[in-house]
Amino acid sequence: MSLTLPDFPWDSLNSHRERASEHPGGLIDLSVGSPIDPTPVVASEALTKAAQAPSYPLTAGTPELRAAMAAWWERQRNTGPLTASEVMPSIGSKEMVGLLPTLLGVRSNDVVVIPEIAYPTYAIGAHVVGAGVVVSDDPAQWPEGTKLIWVNSPGNPTGQVRDISYLREALAVARKLGAVMVSDECYAELGWDDLSVPSLLDKEVTQGDRSGAISLYSTSKQSNLAGYRAALVAGDEALIHNLLLARKHMGLIVPAPIQAALTAVLGDDEHVALQKERYRVRRELVRDALSKAGFRIDHSEAGLYLWASRDEDCWDTVGWCAERGVLVTPGAFYGEAGSTYVRVALTVSDQHAEAVRDRFSA
Ligand SMILES: Cc1ncc(COP(=O)(O)O)c(C=O)c1O
């Protein structure tokens with residue numbers, strides 16, 4: 001017996017990676033959103049101080065972490081006050097994306113709704129439990145039998161941001177269907193041109209009623225902590241209670257030193273602003289390089305990617321970039337609707353961002 005899952009999409013980029021690596025200036029990899037700048041001292045110091053950890057940590061998080069998470073959601077995501085039982089930590093947010101259907105008890109005759117252009121893990125989580133997947137951004141199309149609905153704002157790969165009225169409508173439809181509405185918001189601090197990115201838990205959306213609603217956030221991108229696996233969840237108290245119970249049974253616990261680091265970074269907004277400024281500079285360089293080379297950029301109003309098209313098959317665009325020593329992600333990885341786009345990550349050094357401009361204009 002074995003679980004049958006699709007191949008890992010990025011493995012199919014290997015031949016283009018080899019081609020791009022032959023460039024005399026070396027490979028510039030814009031195909032993954034993995035941070036490259038240093039982990040902030042506020043995190044590494046807290047981690048080191050908590051290195052002595054002989055006892056099992058609390059699955060729900062230390063009281064300090066729970067208070068820091070609740071304060072962060074209220075301060076940064078306009079949720080209104082949250083209690084300690086409306087928040088919990090997770091081991092990065094990808095495990096929540098992959099495991100949420102399992103942990104919520106979604107079954108094989110249930111439906112999971114995912115965005116039309118989506119991070120592949122939403123579908124994988126549904127496949128793991130054998131649930132049906134419906135691809136739709138339109139709440140009016142979400143079918144009976146839906147048990148879990150994913151929204152991702154800012155979206156990966158598109159950078160599209162959902163506004164308050166969309167989130168309100170989505171939550172109302174989810175409640176009517178008896179489905180849990182989950183919003184993956186891990187790029188929320190990276191709104192460009194002063195754009196603010198509302199949370200599903202924004203009090204303008206929920207009016208204080210968080211029933212049936214969950215939001216995920218991660219410090220991987222905002223704090224260069226992808227290697228720590230430090231993320232947070234908030235929302236419906238009863239759902240959080242059940243998720244914690246399942247996680248206690250399964251041993252899905254954020255390690256104690258990581259809980260300490262997460263507590264520290266959630267109390268410090270300065271390093272987040274600094275990192276955002278780094279990405280703003282690179283975004284401008286790469287965006288100009290793409291525009292001058294004739295790409296059209298759609299959405300991309302927030303997040304760590306540019307969603308770019310030359311109105312041709314995405315694999316041709318991937319090849320064009322690889323010839324110039326630059327690796328980008330084909331939009332087809334994210335669904336049929338992405339097949340004429342490529343996703344260009346901003347997780348590069350300034351030097352590489354400048355080199356992209358030179359290579360694309362040569
Ligand atoms: C949309 C989305 N959700 C979740 C994740 C997972 O992030 P992490 O597990 O590092 O918190 C990513 C990572 O790229 C992502 O793009």
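Which residue lies over the face of W320, and at what distance from the ring centre? The close-up views below, all taken from a predicted model, come to that residue in the second legend.

**View 1. W72 and Y217 form a stacked aromatic pair.** The structure holds 14 aromatic pairs. In the pair shown here, the ring centres are 4.4 Å apart and the planes meet at 25 degrees; planes under 30 degrees apart count as stacked, so this pair belongs in that class. The two partners come from distant parts of the chain, with W72 in helix 3 (residues 63-77) and Y217 in strand 7 (residues 213-218), 145 residues apart. W72 is buried, with a relative accessible area of 1%, and Y217 is buried with a value of 1% too.

**View 2. W320 meets F360 edge-to-face, and R324 lies over the face of W320.** Here the ring centres of W320 and F360 are 5.0 Å apart, with the planes at 65 degrees. Planes over 60 degrees apart count as edge-to-face, which is why the pair carries that label. This pair also links distant parts of the chain: W320 belongs to helix 11 (residues 314-323) and F360 to helix 12 (residues 350-361), 40 residues apart. Both W320 and F360 are buried. Now for the opening question: R324 is the residue over the face of W320, 3.8 Å from the ring centre.

**View 3. The charged end of R162 sits over the ring of Y166.** The distance from the charged end of R162 to the centre of the Y166 ring is 4.2 Å.

**View 4. H299 and S300 have positive phi values, although neither is a glycine.** Phi is about 45 degrees at H299 and about 60 degrees at S300. H299 lies in the loop between strand 9 (296-298) and strand 10 (305-309), and S300 is found in the loop between strand 9 and strand 10. Are these two residues buried or partly exposed? H299 is partly exposed, with a relative accessible area of 41%, whereas S300 counts as buried at 1% relative accessibility.

Terms used:
Residues are numbered from 1 along each chain as its sequence is written. This is a predicted model: local features need pLDDT of at least 70, side-chain atom pairs count only at pLDDT 80 or more; totals for chains, interfaces and linings use all residues. Side-chain values use heavy atoms; hydrogens and water are left out. Rings of Phe, Tyr and Trp (its six-membered ring) pair if their centres lie within 6.5 Å; planes under 30 degrees apart count as stacked, over 60 as edge-to-face and the rest as tilted. Helices (H or I, at least four residues) and strands (E, at least two) are DSSP runs, numbered from the N terminus. Buried means under 20% relative accessible area, exposed over 50%, partly exposed in between (1.4 Å probe, protein chains only). A charge sits over a ring if NZ of Lys or CZ of Arg is within 6 Å of the ring centre and within 35 degrees of the ring normal.
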